[in-house]
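This briefing goes through selected features of the structure shown below, grouped by topic.

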Amino acid sequence: MTRNEYGVWEIFLPNNADGSPAIPHGSRVKIRMDTPSGVKDSISAWIKFSVQAPGEIPYNGIYYDPPEEEKFVFQHPQPKQPKSLRIYESHIGMSSPEPKINTYANFRDEVLPRIKKLGYNAVQIMAIQEHSYYASFGYHVTNFFAPSSRFGTPEDLKSLIDRAHELGLLVLMDIVHSHSSNNTLDGLNGFDGTDTHYFHGGPRGHHWMWDSRLFNYGSWEVLRFLLSNARWWLEEYKFDGFRFDGVTSMMYTHHGLQVTFTGNYGEYFGFATDVDAVVYLMLVNDLIHGLYPDAVAIGEDVSGMPTFCIPVQDGGVGFDYRLHMAVADKWIELLKQSDESWKMGDIVHTLTNRRWSEKCVTYAESHDQALVGDKTIAFWLMDKDMYDFMALDRPSTPRIDRGIALHKMIRLVTMGLGGEGYLNFMGNEFGHPEWIDFPRGPQVLPNGSVLPGNNNSYDKCRRRFDLGDADFLRYHGMQEFDQAMHHLEERYGFMTSEHQYVSRKHEEDKVIIFERGDLVFVFNFHWSNSFFDYRVGCSKPGKYKVALDSDDGLFGGFSRLDHGVDYFTTEHPHDNRPRSFSVYAPSRTAVVYALTE
């Protein structure tokens, strides 16, 4: 092998005399190098497929070049980028109701139609890049160009994406360019016998919290490697864009850890800023949008970096959306308090606190809140009552009634005020019980203590979609509400409406009222007070009708509203709005009123 001008080791093997490839398709391949630290076998950094043989620990690189008749051919065009994004965050392996690792094929046939029916217009898939450690949730990548073999073949993944396109769904990839697994057997770490081939040397090259390696974005070869990786997934697999993981960690040498961002510009443009990483993000966004103008680029950033979503040609970092992570943290903070402590102004401020004209993807909860050690919103709200009182043929409890009501309200107010995109992790739409716990054995920690495992069980590493589908369980009503919420957004496009006005944040009544387009949203978070003849300010005159009611019996509510009632505006100014109409606002209920004429 020879080392080219960029530091890449390469060799060219011509076809055999009969035209067959020098290395047959499916062959196991590794690179043996005599390095400064000794002889080392490594998987090629550019390997397209990698598998773990039964009974073996290390992965094997696979020479993947199937004959033409076995290659998948895409049949359906990629959908255009929608005006508003409604993202279903997914993990292939845990997407089965059964305690097992699911497949690309099963996800294609069973889960994609479910996502479409629920009203989402995009699916974001985690853990695509190969990762030796399943419990890393796909974030400790070992083979950057290889789709995970746990779930099937590259052709299976292409078939999944093509089916999603047939259904009109965008397919976004959760891409990890912020760090790499420290695995020296299967990954890039120590590839050439040194710790600096792709990464910074010394402490700067190690993420102390994630126990992973950090790229040297100032290296030309690292830039070429990562940029070509982004292009590879767009071109070879027809992904429609990316959610870039860990962008805050990339942009600052402190990685956003043990740091509070106050908005002072010195926090963003100082000695702690990794300029090389920011330049890389500009380059990759320029590449993505230059080659595929309709591709979506979402950045996970908690710092509030200015210019994050400004185009590169205008001096920005170039993302289309920022993932608005503060909202989920706010909900968890509130769920630890009593209802009386909730501040309506605080909720509205958190949901609307974003840079002017910067598009955000917001969520009430993602996969982070579902992991073992944390709690989903449903579990915070209903806790152990979920085990015994979710069947409709059994009496409910005050905790269950409160939990179901607030679960719906939290999701709707987040979608209504939070941004131009909305994200939900699979199963949370119906309040999936319990937590996610990947199969794992006991682990010996550096201090010698032993962290117990779970007997390598898959029981908590699956999604019980059957619970949301069962019309005899209360989960079903929550799922029906989520579906209705998405179809309402599809019809009215309120997330991207230019008209947005919050007219009421009443702390005593616990009421939030706001307008989005031709819709008026009324949230009564009060635990016991229902309000008759409650005046609601609005800007547009005419007749309003109920478009969505969280208290509808279909959604597990108490059906306290008559949906046949017409609400006519009067020229009665209220809450700084030129007109108003009166409604009945039941406790712990969200109602959306639509202008009909």
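How many nonpolar, polar and charged residues does the lining of the largest cavity have? By class, that lining has five nonpolar, five polar and two charged residues. Nonpolar here covers Ala, Val, Leu, Ile, Met, Phe, Trp, Tyr, Cys and Pro, charged covers Asp, Glu, Lys and Arg, and the others, Gly among them, are polar.

The model is predicted: local features need pLDDT of at least 70, side-chain atom pairs count only at pLDDT 80 or more, and totals for chains, interfaces and linings use all residues. Residues are numbered from 1 along each chain as its sequence is written, and side-chain values use heavy atoms, with hydrogens and water left out.

- On a 1 Å grid over the protein atoms alone, a cavity is a set of points where a 1.4 Å probe fits but cannot get out, and a pocket is an open set with protein on both sides within 12 Å along at least five of seven lines; lining residues have an atom within 4 Å of a point.
- Grid points are joined across faces, edges and corners, and a volume is the space filled by probe spheres set on the points.
- The structure holds three cavities of 30 Å³ or more, and the largest cavity has a volume of about 100 Å³.
- Residues lining the largest cavity include Ser178, His200, Arg204, Tyr217, His255 and Asp274.
- The second largest pocket has a volume of about 940 Å³.
- This pocket is lined by 32 residues, of which Ile11, Ile23, Ser44, Trp46 and Tyr63 are the closest to its centre.
- Strand 2 (9–10) and helix 3 (220–236) are the elements that give two or more residues to the lining of the second largest pocket; helices (H or I, at least four residues) and strands (E, at least two) are DSSP runs, numbered from the N terminus.
- Helix 3 contributes the largest share of the lining of the second largest pocket, three residues.
- The lining of the second largest pocket divides into 21 nonpolar, five polar and six charged residues.

**Helix 3**

- Helix 3 has 17 residues and reaches 23 Å from its first C-alpha to its last, close to the 24 Å expected at 1.5 Å a residue; the expected span is 1.5 Å times one less than the number of residues.
- Among the buried residues of helix 3 are Phe225, Asn229, Trp232 and Trp233; buried means under 20% relative accessible area, exposed over 50%, and partly exposed in between (1.4 Å probe, protein chains only).
- The buried residues of helix 3 pack against elements including strand 11 (143–147), helix 2 (154–166) and helix 5 (275–291), with contact taken as heavy atoms within 4.5 Å.
- Leu291 is found in helix 5 and, leaving aside neighbours within four places in sequence, is in contact with Arg231 and Glu235.
- Leu291 counts as partly exposed because its relative accessibility is 36%.
- Lys238, which follows helix 3, has a positive phi, near 65°.

**Other helices**

- The axes of helix 1 (residues 104–118) and helix 12 (residues 475–492) come within 8 Å and cross at roughly 65°; axes are lines fitted to C-alpha atoms, for helices over the stretch in contact, and angles run from 0 to 180 degrees between N-to-C directions.
- Arg114, Lys117 and Leu118 in helix 1 meet Gln479, Asp482, Gln483, His486 and His487 in helix 12.
- The residues of this contact divide into one nonpolar, four polar and three charged.
- Helix 6 (residues 326–335) is mostly covered, with seven of its ten residues buried.
- Those buried in helix 6 include Lys330 and Trp331, and the elements covering the buried residues include helix 7 (344–352) and helix 10 (398–417).

**Single residues**

- Most residues other than glycine have a negative phi.
- Asp383, which is not a glycine, has a positive phi of about 45° and lies in the loop between helix 9 and helix 10.
- Asp383 is partly exposed, with a relative accessible area of 24%.
- Glu434, also not a glycine, has a positive phi of about 65° and lies in the loop between strand 19 (421–425) and strand 20 (443–444).
- Met126 is in strand 9 (residues 122–126) and counts as buried because its relative accessibility is 0%.
- Not counting residues up to four places away in sequence, Met126 touches residues including Glu89, Phe137, Asp174 and His367.
- Ser338 is in the loop between helix 6 and helix 7, and its C-alpha atom is separated by 59 Å from that of Glu70, 268 residues apart along the chain.
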